[in-house]
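I opened the model today to look up a handful of local features. My notes are below, in the order in which I went through them.

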Amino acid sequence: MEDIYEEPNKDTEVAPALIAVHPTQNSVALAIGSDLRVFNLIGGCAVSLVENSGGALHKDSIRAIRYGASGKLFVSAGDDKLVKIWSTESWHCISTVCSEKRVTAVAISNDGSYVCFADKFGVVWVVDVDVEGLDGNQASANKKAAPMLSHYCSIITSLEFSPDGQFFVSADRDFKIRVTVFPKKPLDGAHEIQSFALGHTEFVSCLASVYTQEFPHGFLVSGSGDSTVRLWDISSGSLLDTCDIRDKAGPSEFKGIEEECCSAVTDLCTIPDSTLVAVAVQSLQGIILLRCDLSARTLNVAKVVSIKGDTFIPTSLATSVSSGLLWMVTGASNLGDLESPSLARVRVISDFKKTSPDVVQQGPTVLEDDETPGGEKLLKKLQGRVSIDEKVFSTAAEALKTSMSKLLIKKQYSTERREFRKRGRNDKKLKQ
Amino acid sequence: MLENKVNSTHSKSTGLPRKRFYRARAHSNPLSDSHFPVPVAPSHVDYSLHYPQLFPSSDEAGSCKKIQFADIGCGFGGLLISLSTLFPDTLMIGMELRDKVTEYVKERILALRVTNPGQYQNISVVRTNSMKYIPNYFEKAQLSKMFFLFPDPHFKEKNHRRRVISPFLLDEYAYALEVGGIIYTITDVEELGDWMKACLENHPMFEALTSEEVEADPVTKLLSSATEEGQKVDRNGGQTFRAIYRRIAPSL
């Protein structure tokens, strides 16, 4: 009798592939499982990471990677509770910070002097980065992080600094986005909450900011499991516009049958020098481009860029400031298939400039493999191999879907089951 | 049948609900995922449901008053009921995590409204986890008073993060309180009293009230006398430990 209430066996945890691009496209980094792969685009060669601070490379799934705004720093962190800060010049690990819990998100302050990371308990920690240690040969001693703020026991999904560096934004799986004033001494904690951006009805999965010369303070864009992308005023936290992407996502034959969670927004990325936002959606083969009208404060679908051929559902998006290329990756680790335990596939989209409202025909184009910067060498490094069997894609897409819902969607128990679990309680016994 | 049941839980002489029918566990785990509805944002809180006489229809939002006092972990609602007549023009709400206790307070307020027409219209109760959902109920600087009376002590160090007063949660309370707003804490557990005082003392957005200010405040006397927990401590001749702090603007 009790068996029907037991949890199904926990599958091996799957980690989605992540991608990050250097701000001036000097290099591209890809994380798949515990493997961190970096390709130097200037030299056109693969980078081998040097761990000279004594520690090892990541031992468990990497959950977050990021370049600093200046491009000097790179941070990687994940389930092995290590936050590694790398110099992008030498690709030496200049510092390894131990976290008490698994790390879910990282951010680097705009001036590159602080690294923030969030753990599974909803605490955001901050470490100051010794800028001298960057150039010096001796790796700075392994630092201790100071707790800065906390979302009460909610998994934090994304961290972001506002474009002007004034605010620090954190999003969690309890539908909440918190905007905190980034203090002068963050090691003493960030206590002043500027606003809460509330409106999402499911977990918030990703954050990005949009800004132009006219609006240097910028606006916040968030994607969520409720299949919407929302535009917020950062300072007041007020909701300016909501863009429902459910209609645009998912192949039509699935419509109505698929559960709601399947059009969850997985990643957002703003296209530099434009007000376009690229959106990756669970179940969409391609990306949705949203146009953000900053003076009218609206967010609308500009175009759906579909990717022909493989079942390419991006798991992570990245751009560099200089190139105007959008890098996408799909893949997952721990697929349970002996032949190909993990999958990573990289695609690139270019020509966003042409996506003006009047010219609908010409649009962004998906580059072929031989047009991708770095060519075959890059693909070999980042993907692990050049060509990938079609079958693996669908397995990966399926695995990712379950892993995301397991992590972020709250378990719903039926009333009977809840009552069943309370059966031993003293106050329940009284009734009988 | 149903009517019969409802009546039997209320005292025949006073019409108030009787506690023995609302037995609940003394503690509730604030870390567990919740199964009750939470308003998406403060603007979604339906005031007409909580204060039906003051907000006749749910459409007339906007111009109306907002909740100013929040009793976090209101228990059986003793403080709310005392405050209701002391500040008849202030809207206040009790927040309680235990469903049966919330039900009791709800019934108690309804019964009081019936027996005292025109009174007790400014108090209400909601079942929620205030450690998680304060920003869903209150806008920035909306509150002028927050009460944390006899909270769970959570002695084990492992469970300190379950304490309702903690350095990080104070950030959220400071957000909900207006500058000059007051946070009242009281406990009969010395260790917890020291902890709450230390948290408030070390927070850059709170300063202690002077002892004269504490004496002059009519509310401070209610902290130990109005609540059920306070009366129990008093009966047993126990000691109480107060920490009363004012929300200040952070120095830049």
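These entries go from the conventions to chain A, then to chain B and a pocket.

**Conventions**

I am working with a predicted model, in which local features need pLDDT of at least 70, side-chain atom pairs count only at pLDDT 80 or more, and totals for chains, interfaces and linings use all residues. Residues are numbered from 1 along each chain as its sequence is written, chains are lettered from A and ligands numbered from 1 in the order in which they are written, and side-chain values use heavy atoms, with hydrogens and water left out.

**Chain A, overall**

I looked up the secondary structure first: chain A has five helices and 28 strands. Helices (H or I, at least four residues) and strands (E, at least two) are DSSP runs, numbered from the N terminus. Of its 432 residues, 56% count as buried. Buried means under 20% relative accessible area, exposed over 50%, and partly exposed in between, with a 1.4 Å probe and protein chains only. I then checked contacts, meaning heavy atoms within 4.5 Å. Among those in chain A between residues at least 6 apart in sequence, 53% join residues at least 24 apart.

UniProt positions are in the numbering used here, feature names are shortened, and annotations may be inferred rather than shown by experiment. I looked at residues 219–242: the span is 62% strand and 0% helix, and its end C-alpha atoms lie 13 Å apart.

A:K101 sits in the loop between β8 (93–98) and β9 (103–108). It is partly exposed because its relative accessibility is 29%. Leaving out residues up to four places away in sequence, A:K101 touches A:K81, A:D119, A:K120 and A:F121. A:K101 and A:D119 are 18 residues apart in sequence, yet 5.6 Å apart from C-alpha to C-alpha.

A:R173 is in the loop between β14 (167–172) and β15 (176–181). I found A:R173 buried, at 14% relative accessible area. Which residues does A:R173 touch, not counting residues up to four places away in sequence? They include A:F203, A:V204, A:L407 and A:K410, and also B:D33 of chain B.

A:S283 lies in the loop between β22 (276–281) and β23 (286–293). It is buried, with a relative accessible area of 11%. Its phi is near 100 degrees, a positive value in a residue other than glycine. Most residues other than glycine have a negative phi.

**Chain B: a loop residue and a helix**

B:Y120 also has a positive phi, near 60 degrees. I placed B:Y120 in the loop between α4 (99–115) and β3 (123–127). At 13% relative accessible area, B:Y120 is buried.

Why is α5 of chain B (residues 130–137) largely enclosed by the rest of the structure? Eight of its eight residues are buried, so the helix counts as enclosed. Among them are B:S130, B:Y133 and B:Y137. B:N129 caps the N-terminal end of α5(B), with a side-chain oxygen 3.1 Å from the backbone nitrogen of B:M131.

**The second largest pocket**

I looked up this pocket next; it holds about 1,000 Å³ of space. Of the 43 residues that line it, the closest to its centre are B:A26, B:E96, B:R98, B:F150 and B:D152. On a 1 Å grid over the protein atoms alone, a pocket is an open set of points where a 1.4 Å probe fits, with protein on both sides within 12 Å along at least five of seven lines, and lining residues have an atom within 4 Å of a point. Grid points are joined across faces, edges and corners, and the volume is the space filled by probe spheres set on the points.

Helix α10 (228–235) of chain B is among the elements that supply at least two lining residues, and α10(B) gives the most, with five.

UniProt (unreviewed entry) lists a "binding site" at B:G73, B:E96, B:L97, B:N129, B:S130, B:L149, B:T227, B:E228 and B:E229. The pocket lining takes in B:G73, B:E96, B:L97, B:N129, B:S130, B:L149, B:T227, B:E228 and B:E229 from this set. B:G73 lies in the loop between β1 and α3 (78–86) and touches B:M95 and B:E96, not counting residues up to four places away in sequence. B:G73 is partly exposed, at 34%. B:E229 is in helix α10 and is partly exposed, with a relative accessible area of 34%.

Terms used. Polar contact = N/O pair within 3.5 Å; in protein donor to acceptor, adjacent residues only side chain to side chain.
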